[in-house]
Protein chains: 2
Amino acid sequence: MADANRDPLDALGDPNRRAILRLLGASKRSVQEIASELPISRPAVSRHLRVLGEAGLVVDHRNGTRRVYELRDEGMLAVQRYLEQVWGDAAARFRLLAENTERTPDRD
Amino acid sequence: MADANRDPLDALGDPNRRAILRLLGASKRSVQEIASELPISRPAVSRHLRVLGEAGLVVDHRNGTRRVYELRDEGMLAVQRYLEQVWGDAAARFRLLAENTERTPDRD
DNA sequence: ACATTCCGTAACCCGAGGGTTACGGTAATC
DNA sequence: GATTACCGTAACCCTCGGGTTACGGAATGT
């Protein structure tokens, strides 16, 4: 999945995409699993996941016929940087702390 | 200005609104001043500012015929809470720090 | 080989939202 | 009182993004 130059805040501007991220925050999931928890079609979910991927918010791994998606920090950190740019010192302190506490990969 | 139940991430989903917030991050400004720095009309800016206000990201004060807008933390903190909800511990540590370092009101 | 499951993508539809101009109310100044 | 500056809002326009169904390729199991 290519990381296109899509702004993560553009991606976060849709409520269904935010709901998808909340699901993935709990555990990694396949497209089908995500779609079964939302009131939209599976192709719609697929489309949203593409947007989220291009924004650096998720990443996918093939598992047979399944594509399993999980969170990715890069897009989230870009959001933090925007907040720091706009809101200033408080956001800067926050960003440094977040980068020094990497999320462990055995999260699920 | 009423704080309606508008999600700040909805508000941040537009690039012109993000540009407005960046301008206000530098200093508080009137509608006209903001509009003169962006490639859109003054009524368009007015409309965006309304959205940002309802999302808790800005607040306005009357000053004669002018309405002067400045940043507000409430919406930004809601974004942080969403990030914490989704991305977890790192975001939680960040949020606690940000709340303990209030922005001083004599910012400009 | 065939059937089933999974999923990306094309094609189509349509409504939301972001653009505009015009209007009129408020405030300030002369 | 007249003029000017400021700004919210109405009305209109139209793009674009998010919804859908349909299709076909890949992977797996029988």
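In this predicted model, DNA strand C is surrounded by 22 residues, of which the closest are A:Ser46, A:Arg50, B:Asn16, B:Ser41 and B:His48. Sugar and phosphate make up 63% of the atoms of DNA strand C that come within 4 Å of the protein. Sorted by class, the surface near DNA strand C holds 6 nonpolar, 9 polar and 7 charged residues. Both protein chains contribute elements to this surface: helix 3 (31-36), helix 4 (42-54) and strand 3 (66-71) of chain A, together with helix 2 and helix 4 (42-54) of chain B, each supply at least two of its residues.

DNA strand D is likewise surrounded by 22 residues, and here the closest are A:Asn16, A:Ser41, A:His48, B:Ser46 and B:Arg50. Of the atoms of DNA strand D within 4 Å of the protein, 59% belong to sugar or phosphate, while the rest belong to bases. The class composition of the surface near DNA strand D is 6 nonpolar, 9 polar and 7 charged residues.

| Side chain | DNA atom | Distance |
|---|---|---|
| A:Arg50 | phosphate oxygen of DNA strand C | 2.6 Å |
| B:Asn16 | phosphate oxygen of DNA strand C | 2.5 Å |
| B:Arg47 | base oxygen of DNA strand C | 2.7 Å |
| A:Asn16 | phosphate oxygen of DNA strand D | 2.5 Å |
| A:Arg17 | phosphate oxygen of DNA strand D | 2.9 Å |
| B:Arg50 | phosphate oxygen of DNA strand D | 2.5 Å |

The elements that give two or more residues to the surface near DNA strand D are helix 2 (15-26) and helix 4 of chain A, along with helix 3 (31-37), helix 4 and strand 3 of chain B. In the contacts with DNA strand C, the side chain of B:Arg47 places an N or O atom 2.7 Å from a base oxygen, whereas the polar side-chain atom of A:Arg50 lies 2.6 Å from a phosphate oxygen.

Turning to the sheets, chain A has an open sheet of 3 strands in the order 1-3-2, with antiparallel pairing. Its edge strands are strand 1 (29-30) and strand 2 (58-63) of chain A, each of which pairs on one side only. Strands of a sheet pair through backbone hydrogen bonds, in either a parallel or an antiparallel sense. Strand 1 and strand 3 of chain A are joined in the antiparallel sense over 2 bridges, and A:Ser30 has A:Val68 in strand 3 of chain A as its bridge partner. Strand 2 and strand 3 of chain A pair in the antiparallel sense over 6 bridges, with A:Val58 standing opposite A:Leu71 in strand 3 of chain A. The hairpin formed by strand 2 and strand 3 of chain A has 2 residues between the strands, and in this hairpin A:Gly64 takes a positive phi near 70°.

In chain B, 3 strands form an open sheet in the order 1-3-2, and the pairing is antiparallel. Strand 1 (29-30) and strand 2 (58-63) of chain B stand at the edges with a single partner strand each, so one side of each is left without a neighbour in the sheet. Strand 1 and strand 3 (residues 66-71) of chain B pair in the antiparallel sense over 2 bridges, and the bridge partner of B:Ser30 in strand 3 of chain B is B:Val68. Helix 2 (residues 15-26) of chain B lies across strand 1, strand 2 and strand 3 of chain B, and runs at about 90° to strand 3 of chain B.

Helix 2 of chain B is also the place of B:Arg18. Why does B:Arg18 count as buried? The relative accessibility of B:Arg18 is 4%, and buried means under 20%, so B:Arg18 falls in that class. The side chains of B:Arg18 and A:Asp7 are joined by a polar contact of 3.1 Å. Leaving aside neighbours within four places in sequence, B:Arg18 is in contact with A:Asp7, A:Leu9, A:Asp10 and A:Tyr82 of chain A, as well as with B:Leu12 and B:Gly13 of chain B.

Key: Residues numbered from 1 in each chain as written. Chains lettered and ligands numbered in written order. Predicted model: local features only at pLDDT ≥ 70, side-chain atom pairs only at ≥ 80, totals over all residues. Heavy atoms only, no water. Pairing = 2+ DSSP bridges. Helix = DSSP H or I, 4+ residues; strand = E, 2+ residues; numbered from the N terminus. Contact = heavy atoms within 4.5 Å. Axes fitted to C-alpha atoms, helices over the stretch in contact; angles between N-to-C directions. Near = heavy atom within 4 Å. Polar contact = N/O pair within 3.5 Å; in protein donor to acceptor, adjacent residues only side chain to side chain. Nonpolar A, V, L, I, M, F, W, Y, C, P; charged D, E, K, R; others polar. Buried < 20%, exposed > 50% of the residue type's maximum accessible area, 1.4 Å probe, protein only.
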